[in-house]
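Good morning, and thank you for joining this group meeting. I shall walk through one model, element by element, and define each term when it is first used.

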Amino acid sequence: FAAVDVIRAKRDGLRLTDEQIGWVIDAYTRGVVGDEQMAALAMAVVLRGMDSAETARWTGAMIDSGERLSLTCSRPTVDKHSTGGVGDKITLPLAPLVAACGAAVPQLSGRGLGHTGGTLDKLEAIPGWRAELSADEIAAQLDDVGAVVCAATPTLAPADRKLYALRDVTGTVESVPLIASSIMSKKIAEGAGRLVLDVKTGSGAFMKTRAQARDLATSLVEIGAAHGVATTAVLTAMDTPLGAAVGNAVEVAEAVEVLRGGGPSDVVELTLALAREMLALAGLGDVDPARVLASGQAYETWCRMIRAQGGDPEAPLPRPAHVHVVEAAESGTLTRLDAYGVGVAAWRLGAGRARKDDPVQPAAGVLCLAKPGDRVERGRPLFELHTDTPEAVSAALPALEAACTIGRDSDGDDSAFAAGD
Ligand code: URA
């Protein structure tokens, strides 16, 4: 094969053959096909698309670029993947809950980039907790505790690692077949037998409209089926942050509240809904996750899961050096709290990173003290901004200001903000 022929074929709207796809992914991973050629091919895919058989083959080639874990475990394995949102800490309560219900949850996760947080960044706020585990450690913890949330090993789908970084800088992220194959190559390589996908839609999500989210969900489920992984997808709204906490330690604290029987109702509801989907796939549909959550068993499993990775679940979480309180400028009803704006604010406070290798502040984030539909009173706290770098507050405030609207008692919507501290 010559890379230029594969590029020309896709540029001209032709279907790529299995052999072309297998060759080009392998050659790219080995450095035989260069970044400039792969970028041209990725752009041709963005513009021309791939059908479901091509997408499944593309995914298979990315899986074959590395190792596929085989997680033999006495319990059925089932994983969850979210396409990413603001305040989406659902993995934290969900993995131990589903494990406490009798399934095994291997969840290999990533770090955050931009306005959406990463599960590993959140868990790393727990003193002592370690994200990097070997394949043997993952298997042993899965057998013993039933839940592992850790970093994807570099040997899983290395072609995706390289290609995703290239897409990020060449305007080629936004393609359903490329996104779906990227997500599924990592999930299938990690070895879970079943998978539930939480496809987010709305301002804080990758997919801004329901139609786009539905296309992505369909593609993800088709790839799972083609590779023998039982896959279901749910579409959930990401117009407003999940829960009250957006950041790292603040999200861990909220997840622990849920595991101890409290927490915001939207976080509890989504955790239970995804648990039901996962248990149904695992053949444990008769177990009631709400009962297991209320019994405290999910919290016990959480503590074991954190300890198994060197963390201390009882240790105080990091506190920020600086807390800035924003007060409501008006009395009325909070009519809008935009996920994207809150995510950007948390990121600017230090909770997220702009470049792949930037550090994050474990204590940084935003607490939303009111949610859409809540009544707010002029002069009462609306947000708490947490950061170790007080100068970041002035960068975060405009994003928050644009993110929320208070409907005044007397007339229409107005800006929600008073400068507070
Ligand atoms: N997440 C991924 O893992 N890959 C993409 O291409 C987009 C989002």
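This is a predicted model: local features need pLDDT of at least 70, side-chain atom pairs count only at pLDDT 80 or more; totals for chains, interfaces and linings use all residues.

In helix α5, the buried residues are Thr91, Leu92, Pro93, Leu94, Ala95, Pro96, Leu97, Val98, Ala99 and Ala100. A residue is called buried if 20 or more other C-beta atoms lie within 10 Å of its own, exposed if 12 or fewer do, and partly exposed in between, with C-beta atoms placed from the backbone. Helix α5 covers residues 91-100 and is mostly covered, with 10 of its 10 residues buried. Helices (H or I, at least four residues) and strands (E, at least two) are DSSP runs, numbered from the N terminus. After α5 comes glycine 102, with a positive phi near 115°.

Residues are numbered from 1 along each chain as its sequence is written.

**Domains**

The domain assignment divides the chain into domain 1 (3-49), domain 2 (78-308) and domain 3 (322-418). These bounds come from an automatic or database domain assignment. Taken over C-alpha atoms, the centres of domain 1 and domain 3 are 44 Å apart.

**The parallel sheet**

Let me turn to an open sheet of three strands, whose order is β1-β4-β5 and whose pairing is parallel. Strands β1 (78-82) and β5 (230-237) stand at the edges with a single partner strand each, so one side of each is left without a neighbour in the sheet. From one strand to the next the twist averages 20°. For such angles, axes are lines fitted to C-alpha atoms, for helices over the stretch in contact, and the angles run from 0 to 180 degrees between N-to-C directions. Two strands are said to pair if DSSP finds at least two bridges between them.

Strand β1 is joined to β4 by five bridges, and the two run parallel. Here valine 78 has arginine 194 of β4 as its bridge partner. Strand β4 (residues 194-201) is in turn joined to β5 by eight bridges, again in parallel. In that pair, aspartate 198 has valine 234 of β5 as its bridge partner.

How many residues of β1 are buried? Five of its five are, and the strand is mostly covered. In a regular strand the side chains alternate between the two faces of the sheet. For β1, Val78, Lys80 and Ser82 lie on one side and Asp79 and His81 on the other, and all are buried.

**The ligand shell**

Which residues surround the ligand? They are Tyr164, Val173, Leu178, Ile179, Ser182 and Ile183. The criterion for being near a molecule or strand is a C-beta atom, placed from the backbone, within 6 Å of it. Helix α9 (residues 176-189) gives the most to this shell, with four residues. By class, the shell holds five nonpolar residues, one polar and no charged. Ala, Val, Leu, Ile, Met, Phe, Trp, Tyr, Cys and Pro count as nonpolar, Asp, Glu, Lys and Arg as charged, and the others, Gly among them, as polar.

**Two loop positions**

Glycine 146 sits in the loop between α7 (135-144) and β3 (147-151). Glycine 146 counts as buried because it has 25 C-beta neighbours inside 10 Å. Arginine 75 is 71 residues from glycine 146 in sequence, yet their C-alpha atoms are 8.1 Å apart in space.

Alanine 157 lies in the loop between β3 and α8 (158-168). Most residues other than glycine have a negative phi. The phi of alanine 157, however, is positive, near 45°. Alanine 157 also counts as buried, because it has 30 C-beta neighbours inside 10 Å.

**Strand β11 and the annotated span**

Strand β11 (residues 381-387) is mostly covered, with five of its seven residues buried. Six bridges connect β11 with β7 (residues 322-328), and the two run antiparallel; histidine 324 has leucine 385 of β11 as its bridge partner. Four bridges connect β11 with β9 (residues 365-368), also antiparallel, and leucine 367 is partnered there by glutamate 384.

Finally, an unreviewed UniProt entry carries the annotation "domain: Pyrimidine nucleoside phosphorylase C-terminal" for residues 333-407. UniProt positions are given in the numbering used here, feature names are shortened, and annotations may be inferred rather than shown by experiment. The span 333-407 is 32% helix and 29% strand, and its end C-alpha atoms lie 5 Å apart.
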